[in-house]
Amino acid sequence: MDYYTFKMEFMELVQKKISGEVRISLEKIPKNNGIYMEGMVLSKSDDHASPIIYLEELYRIWKKGVSMEQLVEKVLWCYRNFEPEISISEDFFRDYEKLKSHIYYKLVNYEKNRELLKKIPHRRILDLAMVFYYQAEEISVPATILIQNSHLNRWKITEEELEENARKYTCLRLPAEFLTMASLAGVGEEDMDELLGKDRCPMYILTNKQRRFGAGVILYPGIMEQAQSLLGENFYILPSSVHECILAPESSYMSQEQLSQMIREINEEHVEVQEVLSNQAYYYMGEDGSINI
(Lines give C-alpha, C1' and ligand atoms only; values in the text may rest on other atoms or scores of the structure.)
Protein backbone atom coordinates (compact mmCIF):
# COMPACT_ATOMS: atom_id res chain seq x y z
CA MET A 1 0.00 0.00 0.00
CA ASP A 2 1.46 3.37 -0.98
CA TYR A 3 1.36 6.43 1.27
CA TYR A 4 -1.63 8.07 -0.46
CA THR A 5 -3.79 4.95 -0.09
CA PHE A 6 -2.71 4.55 3.53
CA LYS A 7 -3.56 8.16 4.28
CA MET A 8 -7.07 7.97 2.80
CA GLU A 9 -7.92 4.66 4.49
CA PHE A 10 -6.53 5.83 7.80
CA MET A 11 -8.53 9.07 7.82
CA GLU A 12 -11.69 7.15 6.88
CA LEU A 13 -11.18 4.75 9.82
CA VAL A 14 -10.60 7.62 12.24
CA GLN A 15 -13.74 9.44 11.03
CA LYS A 16 -15.87 6.31 11.52
CA LYS A 17 -14.73 5.91 15.12
CA ILE A 18 -14.85 9.51 16.25
CA SER A 19 -17.73 11.84 17.01
CA GLY A 20 -19.34 13.54 14.04
CA GLU A 21 -18.73 16.88 15.75
CA VAL A 22 -15.00 16.43 15.24
CA ARG A 23 -13.68 17.82 11.99
CA ILE A 24 -10.70 16.14 10.30
CA SER A 25 -8.52 18.24 8.06
CA LEU A 26 -5.12 17.98 6.44
CA GLU A 27 -2.51 20.69 6.74
CA LYS A 28 0.99 21.13 5.39
CA ILE A 29 3.07 22.02 8.44
CA PRO A 30 6.28 23.93 7.64
CA LYS A 31 9.45 22.60 9.25
CA ASN A 32 13.11 23.61 9.16
CA ASN A 33 15.08 23.50 5.87
CA GLY A 34 12.04 24.01 3.65
CA ILE A 35 10.47 20.71 4.70
CA TYR A 36 6.70 20.39 4.94
CA MET A 37 5.05 17.52 6.81
CA GLU A 38 1.45 16.48 6.28
CA GLY A 39 -0.51 16.74 9.50
CA MET A 40 -3.99 15.47 10.27
CA VAL A 41 -5.80 17.93 12.55
CA LEU A 42 -8.70 16.82 14.73
CA SER A 43 -10.79 19.70 16.04
CA LYS A 44 -14.20 20.91 17.17
CA SER A 45 -15.57 24.36 16.46
CA ASP A 46 -14.92 25.52 20.04
CA ASP A 47 -11.34 24.16 20.27
CA HIS A 48 -8.65 26.78 20.87
CA ALA A 49 -5.90 24.26 20.16
CA SER A 50 -5.85 20.86 18.50
CA PRO A 51 -3.37 17.98 18.29
CA ILE A 52 -1.55 17.49 15.00
CA ILE A 53 -0.93 13.90 13.90
CA TYR A 54 1.92 13.54 11.39
CA LEU A 55 0.79 10.95 8.86
CA GLU A 56 4.20 10.24 7.36
CA GLU A 57 5.39 9.08 10.76
CA LEU A 58 2.37 6.80 11.16
CA TYR A 59 2.96 5.38 7.68
CA ARG A 60 6.56 4.49 8.63
CA ILE A 61 5.31 2.76 11.80
CA TRP A 62 2.65 0.88 9.83
CA LYS A 63 5.28 -0.35 7.36
CA LYS A 64 7.18 -1.85 10.31
CA GLY A 65 4.22 -4.08 11.11
CA VAL A 66 1.94 -2.14 13.47
CA SER A 67 -1.66 -2.58 12.37
CA MET A 68 -3.73 0.34 11.14
CA GLU A 69 -6.35 -0.40 13.82
CA GLN A 70 -3.73 -0.01 16.56
CA LEU A 71 -2.60 3.29 15.11
CA VAL A 72 -6.18 4.54 14.91
CA GLU A 73 -6.72 3.70 18.59
CA LYS A 74 -3.51 5.51 19.48
CA VAL A 75 -4.62 8.64 17.60
CA LEU A 76 -8.06 8.58 19.23
CA TRP A 77 -6.49 8.22 22.67
CA CYS A 78 -4.19 11.17 21.96
CA TYR A 79 -7.13 13.31 20.90
CA ARG A 80 -9.34 12.40 23.87
CA ASN A 81 -6.51 13.04 26.33
CA PHE A 82 -5.21 16.17 24.65
CA GLU A 83 -5.26 19.11 27.02
CA PRO A 84 -3.32 22.13 25.82
CA GLU A 85 -1.12 23.44 28.61
CA ILE A 86 -0.96 26.98 27.23
CA SER A 87 -3.69 29.11 25.74
CA ILE A 88 -2.61 31.13 22.74
CA SER A 89 -5.26 33.80 22.50
CA GLU A 90 -5.44 36.73 20.11
CA ASP A 91 -3.77 38.94 22.74
CA PHE A 92 -1.07 36.41 23.60
CA PHE A 93 1.73 38.21 21.77
CA ARG A 94 0.81 41.84 22.43
CA ASP A 95 2.88 42.59 25.54
CA TYR A 96 6.54 42.38 24.56
CA GLU A 97 7.73 43.23 28.08
CA LYS A 98 6.07 40.08 29.42
CA LEU A 99 7.40 37.91 26.60
CA LYS A 100 10.95 39.11 26.06
CA SER A 101 12.66 37.02 28.76
CA HIS A 102 11.50 33.89 26.92
CA ILE A 103 12.61 34.93 23.43
CA TYR A 104 15.74 33.11 22.27
CA TYR A 105 17.72 32.59 19.07
CA LYS A 106 18.72 29.50 17.13
CA LEU A 107 20.76 28.84 14.01
CA VAL A 108 19.39 27.45 10.74
CA ASN A 109 20.82 26.93 7.28
CA TYR A 110 20.51 30.11 5.21
CA GLU A 111 20.04 28.66 1.72
CA LYS A 112 17.67 25.87 2.75
CA ASN A 113 15.41 28.41 4.51
CA ARG A 114 15.65 31.29 2.04
CA GLU A 115 11.87 31.51 1.47
CA LEU A 116 11.08 31.39 5.18
CA LEU A 117 13.65 34.08 5.94
CA LYS A 118 11.73 36.55 3.77
CA LYS A 119 8.97 36.49 6.41
CA ILE A 120 10.93 36.52 9.63
CA PRO A 121 13.58 38.72 11.28
CA HIS A 122 17.03 37.19 10.98
CA ARG A 123 20.73 37.87 10.77
CA ARG A 124 23.01 36.06 8.33
CA ILE A 125 26.16 34.52 9.83
CA LEU A 126 28.48 32.61 7.45
CA ASP A 127 26.21 30.12 5.63
CA LEU A 128 23.73 30.21 8.52
CA ALA A 129 20.96 32.49 9.78
CA MET A 130 20.18 33.49 13.33
CA VAL A 131 16.40 33.39 13.82
CA PHE A 132 14.29 34.03 16.90
CA TYR A 133 11.59 32.15 18.76
CA TYR A 134 9.42 32.38 21.85
CA GLN A 135 9.51 29.37 24.16
CA ALA A 136 6.76 28.55 26.65
CA GLU A 137 8.68 26.82 29.43
CA GLU A 138 5.96 26.33 32.01
CA ILE A 139 4.81 23.14 30.27
CA SER A 140 6.18 19.60 30.24
CA VAL A 141 7.39 19.76 26.63
CA PRO A 142 8.51 23.31 25.71
CA ALA A 143 6.42 24.78 22.89
CA THR A 144 7.99 27.29 20.54
CA ILE A 145 6.63 30.00 18.27
CA LEU A 146 8.84 31.47 15.55
CA ILE A 147 9.01 35.26 15.64
CA GLN A 148 7.59 36.86 12.49
CA ASN A 149 8.12 40.32 10.99
CA SER A 150 4.52 41.11 11.99
CA HIS A 151 5.46 40.62 15.65
CA LEU A 152 8.09 43.35 15.43
CA ASN A 153 5.53 45.72 13.94
CA ARG A 154 3.12 44.92 16.74
CA TRP A 155 5.76 45.39 19.44
CA LYS A 156 7.24 48.48 17.76
CA ILE A 157 10.82 47.25 18.12
CA THR A 158 13.66 46.85 15.61
CA GLU A 159 15.47 43.67 14.55
CA GLU A 160 18.54 44.99 16.36
CA GLU A 161 16.59 45.31 19.62
CA LEU A 162 15.14 41.82 19.16
CA GLU A 163 18.61 40.34 18.54
CA GLU A 164 20.15 42.08 21.53
CA ASN A 165 17.37 40.80 23.77
CA ALA A 166 17.51 37.24 22.37
CA ARG A 167 21.28 36.99 22.75
CA LYS A 168 20.98 38.08 26.38
CA TYR A 169 18.30 35.63 27.43
CA THR A 170 19.57 32.71 25.35
CA CYS A 171 22.89 32.88 27.21
CA LEU A 172 21.23 33.38 30.59
CA ARG A 173 18.50 30.75 30.39
CA LEU A 174 20.12 28.18 28.09
CA PRO A 175 23.70 27.95 29.43
CA ALA A 176 26.39 26.21 27.40
CA GLU A 177 27.46 22.65 28.09
CA PHE A 178 30.62 20.82 27.01
CA LEU A 179 30.28 17.04 26.78
CA THR A 180 32.88 14.41 26.02
CA MET A 181 32.08 11.85 23.34
CA ALA A 182 32.11 9.19 26.07
CA SER A 183 29.57 10.98 28.27
CA LEU A 184 27.27 11.53 25.31
CA ALA A 185 27.46 7.83 24.45
CA GLY A 186 26.85 6.94 28.11
CA VAL A 187 30.11 5.02 28.54
CA GLY A 188 33.27 5.56 30.55
CA GLU A 189 36.44 7.07 29.13
CA GLU A 190 38.22 3.72 29.49
CA ASP A 191 35.55 2.00 27.43
CA MET A 192 35.86 4.71 24.79
CA ASP A 193 39.65 4.24 24.79
CA GLU A 194 39.17 0.53 24.24
CA LEU A 195 36.71 1.16 21.43
CA LEU A 196 38.61 3.90 19.58
CA GLY A 197 42.14 3.62 20.99
CA LYS A 198 43.97 5.74 23.55
CA ASP A 199 45.44 7.90 20.79
CA ARG A 200 41.99 8.97 19.57
CA CYS A 201 41.55 12.62 18.71
CA PRO A 202 40.02 14.49 21.67
CA MET A 203 36.66 15.89 20.63
CA TYR A 204 33.90 17.62 22.55
CA ILE A 205 30.20 18.18 22.03
CA LEU A 206 29.07 21.77 22.49
CA THR A 207 25.36 22.33 23.15
CA ASN A 208 23.10 23.92 25.77
CA LYS A 209 21.73 22.47 28.99
CA GLN A 210 18.40 21.80 27.30
CA ARG A 211 20.19 20.09 24.37
CA ARG A 212 17.70 21.73 22.03
CA PHE A 213 18.78 24.18 19.32
CA GLY A 214 22.19 24.07 21.01
CA ALA A 215 24.32 24.76 17.92
CA GLY A 216 23.81 28.48 18.55
CA VAL A 217 26.06 28.20 21.61
CA ILE A 218 29.07 28.83 19.34
CA LEU A 219 28.02 32.51 19.38
CA TYR A 220 27.95 32.88 23.18
CA PRO A 221 30.42 35.47 24.48
CA GLY A 222 33.70 33.85 25.49
CA ILE A 223 32.63 30.29 24.67
CA MET A 224 35.09 29.83 21.81
CA GLU A 225 37.94 31.03 24.03
CA GLN A 226 36.89 28.44 26.63
CA ALA A 227 36.83 25.76 23.95
CA GLN A 228 40.33 26.68 22.77
CA SER A 229 41.59 26.47 26.35
CA LEU A 230 39.99 23.05 26.67
CA LEU A 231 41.45 21.74 23.40
CA GLY A 232 44.77 23.57 23.74
CA GLU A 233 44.86 24.83 20.14
CA ASN A 234 42.82 26.21 17.26
CA PHE A 235 40.01 23.89 16.29
CA TYR A 236 37.33 22.90 13.81
CA ILE A 237 33.61 23.26 14.49
CA LEU A 238 31.52 20.43 13.02
CA PRO A 239 27.79 21.27 12.91
CA SER A 240 26.34 17.83 13.57
CA SER A 241 22.75 19.17 13.76
CA VAL A 242 20.76 22.23 14.78
CA HIS A 243 21.06 20.92 18.35
CA GLU A 244 24.84 20.63 18.82
CA CYS A 245 28.31 21.01 17.32
CA ILE A 246 31.41 18.84 17.62
CA LEU A 247 34.74 20.52 18.36
CA ALA A 248 37.88 18.86 16.97
CA PRO A 249 41.47 20.15 17.42
CA GLU A 250 43.33 21.46 14.39
CA SER A 251 45.89 18.69 14.85
CA SER A 252 43.24 16.07 14.12
CA TYR A 253 44.01 13.69 11.31
CA MET A 254 41.66 15.32 8.80
CA SER A 255 41.72 18.58 6.87
CA GLN A 256 38.85 21.06 6.84
CA GLU A 257 37.86 19.83 3.38
CA GLN A 258 37.85 16.20 4.53
CA LEU A 259 35.80 17.10 7.59
CA SER A 260 33.25 18.90 5.42
CA GLN A 261 32.96 15.82 3.23
CA MET A 262 32.41 13.67 6.32
CA ILE A 263 29.68 16.05 7.55
CA ARG A 264 27.91 15.87 4.18
CA GLU A 265 27.91 12.07 4.26
CA ILE A 266 26.64 11.93 7.84
CA ASN A 267 23.89 14.45 7.10
CA GLU A 268 22.74 12.45 4.09
CA GLU A 269 22.71 9.10 5.86
CA HIS A 270 22.03 9.70 9.56
CA VAL A 271 20.48 13.13 10.25
CA GLU A 272 16.80 13.98 9.83
CA VAL A 273 16.45 16.46 6.97
CA GLN A 274 14.79 19.10 9.17
CA GLU A 275 17.64 18.88 11.71
CA VAL A 276 20.54 19.43 9.29
CA LEU A 277 22.39 22.67 10.01
CA SER A 278 25.24 22.78 7.49
CA ASN A 279 27.53 20.62 5.37
CA GLN A 280 30.46 22.90 6.13
CA ALA A 281 33.18 22.48 8.75
CA TYR A 282 34.20 25.80 10.33
CA TYR A 283 37.63 26.81 11.62
CA TYR A 284 38.16 28.81 14.79
CA MET A 285 41.30 30.95 14.82
CA GLY A 286 42.23 31.98 18.33
CA GLU A 287 44.60 34.73 17.16
CA ASP A 288 41.73 37.00 16.13
CA GLY A 289 38.77 35.12 17.64
CA SER A 290 37.15 34.49 14.25
CA ILE A 291 35.10 31.59 12.90
CA ASN A 292 35.77 30.96 9.21
CA ILE A 293 34.58 28.69 6.42
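Residues are numbered from 1 along each chain as its sequence is written. Because the model is predicted, local features need pLDDT of at least 70 and side-chain atom pairs count only at pLDDT 80 or more, while totals for chains, interfaces and linings use all residues; side-chain values use heavy atoms, with hydrogens and water left out.

Let's start with strand β9, residues 204-208. Strands here are DSSP runs (E, at least two residues), numbered from the N terminus. Is β9 mostly covered or uncovered? Mostly covered: five of its five residues are buried, where buried means under 20% relative accessible area with a 1.4 Å probe, protein chains only. In a regular strand the side chains alternate between the two faces of the sheet. On one side of β9 sit Tyr-204, Leu-206 and Asn-208, on the other Ile-205 and Thr-207, and all are buried.

Next come the pairings; two strands pair if DSSP finds at least two bridges between them.

| Strands | Bridges | Direction | Residues opposite each other |
|---|---|---|---|
| β8 (residues 176-180) and β9 | five bridges | antiparallel | Glu-177 and Thr-207 |
| β2 (residues 36-43) and β3 | three bridges | antiparallel | Met-40 and Ile-53 |

The last row belongs to another group. Three strands form an open, antiparallel sheet in the order β1-β2-β3. At its edges are β1 (23-30) and β3 (52-54), each pairing on one side only. From one strand to the next, the twist averages 35°, with axes being lines fitted to C-alpha atoms and angles running from 0 to 180 degrees between N-to-C directions.

Notes
Buried < 20%, exposed > 50% of the residue type's maximum accessible area, 1.4 Å probe, protein only. Helix = DSSP H or I, 4+ residues; strand = E, 2+ residues; numbered from the N terminus.
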